[in-house]
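Here is a short report on one protein model.

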Amino acid sequence: MSKLGKLLKRIYCAVLPKSEDLEEVLSLNAKADLAKLFFFADKTREKFCGNGIVLRGIIEFSNFCQRDCFYCGLNKNNRKLQRYRISKLKLFNAVKYLVSCGIQTVVLQSGEDLALDAAWLGDLIKEIKSNFNIAVTLCVGERKARDYKIWRLAGADRYLLKIETSDEKLYSSMHPRMDFKNRLNCLRVLKELGYQVGSGNLIGLPGQTLKNIAQDIIFFKRNDFDMIGIGPFIAHKHSQFAGKENGDVGLVLKTIALTRIVTKNAHLPATTALGSLDRDYRLEGLKCGANVLMPNFTPQAYRKLYEIYPQKRCVNEPVGACNFCMDKMAKKIGRFIDYSKADSFKGRFLI
Ligand code: SAH
């Protein structure tokens, strides 16, 4: 077996992989080596997740945010951005439309909107769950345990909260007035409440090293997340990181591949950010370990206002153009779109 083959096997078989091994793979650049890595990851995906590409329809319902994360276009200091909050009725109708397209998971995402009332969202979740047989995922940032509990009791199934970087120092350097330990605590509480929990990171953050990324992958493994979103950092001109270099797509793909090899059966999306660089790289993501796509169902009028990074994919697409586009992508690589709820593969949620 080749040296790289042995290295990949060692990573695959480890209970917790070694940081140096991961760093060595992250620094590969030769075409033949990358082909080998991606092939190994693709086989791992096939073995543990099958050939279905599962869907999470996303609705971005508010772009108000109290935070000032250095990378994000929604940061509260961005006064150029017109802010919006979608009414309950419009939001419910967007969910209804998503369901009519055959999609069975909705992700309700927003900035950390101080005006987001826990009872308001709880009522909406109840309404969605009593009208449709779909999984509800929330992605609204750090909240009190009490709120997470209200939403879980209302019927929310899943929660996404990316760690962004697992390095406390790097994290603190770009999240003013935020506490890394609180983010970890939120992830713990969410797990304890029985949510299927998604996390993830950004690749190419200013100051981030390969070692940081290797540690992120170990962090994902340790926490056994149900879903892990890995995407490139894309500089936004109205953020602290304006003018910084975007994340390298090759490094994103290597991180997805390694995360697949290490975590085996976590759901890994080919993120919208991966589709929003100089061209759409989501297909490449799906070929090196990813098994999820996240079509956008935010009502047209608001889409371009949810500008976490520039040139976001599909902002001008009519709502619902997604099905056709996704089927086409799947066919191109000999896979199929799985329209089911697609719960976690971890098997803890089958009762
Ligand atoms: N307020 C929610 C949702 C944040 S937006 C929360 O805190 O979880 C969803 C994701 O967009 C973030 O987790 C972050 O990883 C990503 N994101 C933000 N700015 C970005 C940028 N400039 N480039 C790429 N991804 C970005």
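## The largest cavity

In this predicted model, the lining of the largest cavity has five nonpolar, four polar and three charged residues. The volume of this cavity is about 100 Å³. The structure holds one cavity of 30 Å³ or more.

Which residues line the largest cavity? Among them are Arg-56, Val-107, Thr-137, Gly-198, Asp-226, Met-227 and His-267. Two elements give two or more residues to this lining: strand S5 (158–160) and strand S6 (196–203).

## The second largest pocket

The second largest pocket has a volume of about 240 Å³. Its lining has 14 residues. The closest to its centre are Gln-66, Leu-114, Glu-142, Arg-143 and Lys-144. By class, eight of the lining residues are charged, three are polar and three are nonpolar.

## Helix H3

Helix H3 covers residues 31–49, which makes 19 residues. From first C-alpha to last, H3 reaches 26 Å, close to the expected 27 Å.

Which residues of H3 are buried? They are Leu-34, Leu-37, Phe-40, Ala-41, Thr-44, Arg-45 and Cys-49. Seen down the helix axis, the buried residues of H3 fall within an arc of 140°, so they line one face of the helix. They pack against helices H1 (3–13), H2 (19–26), H10 (249–263) and H11 (282–286).

The face of H3 turned away from the buried side carries exposed residues: Lys-31, Ala-32, Phe-39 and Lys-47. Just after H3 comes Gly-50, with a positive phi of about 75°.

Technical notes: Residues numbered from 1 in each chain as written. Predicted model: local features only at pLDDT ≥ 70, side-chain atom pairs only at ≥ 80, totals over all residues. Heavy atoms only, no water. Helix = DSSP H or I, 4+ residues; strand = E, 2+ residues; numbered from the N terminus. Expected span 1.5 Å × (residues − 1). Buried < 20%, exposed > 50% of the residue type's maximum accessible area, 1.4 Å probe, protein only. Arc of directions from axis to C-beta. Contact = heavy atoms within 4.5 Å. 1 Å grid on protein atoms, 1.4 Å probe; cavity = no way out; pocket = protein on both sides within 12 Å on 5 of 7 lines; lining within 4 Å. Points joined across faces, edges and corners; volume = space filled by probe spheres on them. Nonpolar A, V, L, I, M, F, W, Y, C, P; charged D, E, K, R; others polar.
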